[in-house]
Amino acid sequence: MNEHDEATTDPVDAATAAFVAHRNLLFTVAYEMLGSAADAEDVLQETWLRWIKVDLGQVSDRRAYLVRIVTRQSLNRLRTMKRRKETYIGSWLPEPLLTTPDVAEDADLAESLSMALMLVLESLSPTERAVFVLREVFDVGYDEIAAAVGKNAAAVRQIAHRARKHVEARRPRETVSPGQAQAVLETFKRALETRDLRILLDVLAPDVVLVSDGGGVKLAAPRPVVGAEKVVRFYLGEAAVVRAAITCKATVVNGNPALLVHLDGAFDGVLATRVEDGRITGLYYVRNPHKLTRVASETPLTLR
């Protein structure tokens with residue numbers, strides 16, 4: 001055996017190669033479960049520290065084993081985050097990610113990452129969320145999910161059914177194409193920048209819901225704002241207070257069309273939407289600067 005062969009059979013090298021090969025998948029799993037890139041990165045670090053201690057000779061499917069570790073670490077982190085969210089100031093929204101073009105092209109992945117759906121996942125228990133994400137998003141088998149969450153397969157099937165029913169009752173009624181969503185968002189963008197009240201009221205559904213996240217650092221509505229007129233007053237009233245010019249740049253966040261909002265040229269936040277029947281039914285505005293660190297460069301995400 002030559003020196004190169006010895007290097008390639010080194011356990012640490014083999015563990016590193018497997019981890020790097022599946023890193024984007026592991027990050028996606030953790031982010032879908034947590035809604036926080038920072039926490040997902042911490043989970044990956046914890047997963048790595050456990051992975052390098054595993055006897056690879058006993059592992060038949062390295063990808064599945066890594067997903068199992070990242071799931072367990074995500075569940076631990078979810079319980080910690082639950083306590084953190086209980087003291088969070090105002091509404092909590094997922095941390096937006098600038099995503100690569102292939103994410104938007106994968107309809108299943110883009111939908112699973114949408115702010116609207118991720119906010120629905122926040123209403124599940126940690127175990128329900130883990131089971132739903134693994135089964136519905138990543139198509140993991142029930143036996144493998146059972147091993148990851150510490151339940152038997154029959155219990156996992158019941159949890160999956162309950163979680164699916166809960167999500168289906170709250171997820172958007174229809175899935176629109178990226179082109180349709182972009183067209184509606186472009187209309188909203190022009191109306192917001194020109195403060196055109198009539199067009200704003202036309203493009204917003206009468207029962208539109210705005211959720212804004214300032215994290216106690218930036219001004220935000222303490223509770224969701226419901227109704228087109230109230231939403232318009234929130235946006236134009238707040239901008240009028242600071243006498244700021246509103247400009248927006250179209251982008252793709254979490255695989256879906258979104259806006260980068262600027263006030264007087266200074267970056268203020270990320271605005272994601274939920275579009276149904278040609279109108280905006282949900283607005284998700286992240287202003288907390290601690291959650292805006294992943295919109296300057298693209299984050300690769302994958303289901304495989």
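Predicted model: local features only at pLDDT ≥ 70, side-chain atom pairs only at ≥ 80, totals over all residues.
Q: What share of the 304 residues is buried, and what share of the contacts joins residues 24 or more positions apart?
A: A residue counts as buried under 20% relative accessible area. Buried residues make up 50% of the 304 in this protein. Of the contacts with a separation of 6 or more, 67% are between residues 24 or more positions apart. The exposed surface comes to about 14400 Å², and carbon and sulfur atoms supply 52% of it.

Q: Is T71 buried or exposed, and which residues does T71 touch?
A: Burial is judged by relative accessibility, with under 20% counted as buried. T71 has 0% relative accessibility, so T71 is buried. The residue sits in helix α4. Leaving out residues up to four places away in sequence, T71 touches V29, M33, A130, L134, A148 and V149.

Q: Where is E41 found, and which residues are in contact with E41?
A: E41 is found in helix α3. Apart from neighbours within four places in sequence, E41 is in contact with R23, F27 and R294. A distance between C-alpha atoms can also be set beside the separation along the chain: E41 and H290 are 249 residues apart along the chain, and their C-alpha atoms are separated by 15 Å.

Q: What is the volume of the largest pocket, and which residues lie nearest its centre?
A: The largest pocket holds about 390 Å³ of space. Its lining has 20 residues, of which E111, S114, T175, V176 and N256 lie nearest the centre. The elements that give two or more residues to this lining are α6 (107-113), α7 (115-121), α11 (178-194), β4 (256-263) and β5 (266-276). By class, the lining of the largest pocket has eleven nonpolar, six polar and three charged residues.

Q: Which elements give two or more residues to the lining of the second largest pocket?
A: The second largest pocket has a volume of about 220 Å³. It is lined by 15 residues, and S36, D39, R84, W92 and K291 lie nearest its centre. Two or more residues of this lining come from each of α3 (37-51) and α4 (62-86). The largest share, three residues, is from α4. This lining has six nonpolar, four polar and five charged residues.

Q: How many cavities of 30 Å³ or more are there?
A: A cavity differs from a pocket in that the probe fits inside but cannot get out. The count here is three cavities of 30 Å³ or more. The second largest cavity has a volume of about 50 Å³, and its lining is made up of S114, M115, V253, N254, N256, P257, A258, A272 and T273. The elements that give two or more residues to this lining are β4 and β5, with the largest share, three residues, from β4. By class, the lining of this cavity has five nonpolar, four polar and no charged residues. S114 and N256 also belong to the residues nearest the centre of the largest pocket.

Q: What is the phi of N254, and what is the phi of D277?
A: Most residues other than glycine have a negative phi. N254 is not a glycine, yet its phi is positive, near 55°. D277, also not a glycine, has a positive phi of about 55°.

Q: Where do N254 and D277 lie, and is each buried or exposed?
A: N254 is in the loop between β3 (246-253) and β4, and at a relative accessible area of 1% N254 is buried. N254 also lines the second largest cavity. D277 is in the loop between β5 and β6 (279-286). Over 50% counts as exposed, and D277, at 61% relative accessibility, is exposed.

Key: Residues numbered from 1 in each chain as written. Heavy atoms only, no water. 1 Å grid on protein atoms, 1.4 Å probe; cavity = no way out; pocket = protein on both sides within 12 Å on 5 of 7 lines; lining within 4 Å. Points joined across faces, edges and corners; volume = space filled by probe spheres on them. Helix = DSSP H or I, 4+ residues; strand = E, 2+ residues; numbered from the N terminus. Nonpolar A, V, L, I, M, F, W, Y, C, P; charged D, E, K, R; others polar. Buried < 20%, exposed > 50% of the residue type's maximum accessible area, 1.4 Å probe, protein only. Contact = heavy atoms within 4.5 Å. Areas by Shrake-Rupley, 256 points an atom, 1.4 Å probe, with all protein chains shown as cover.
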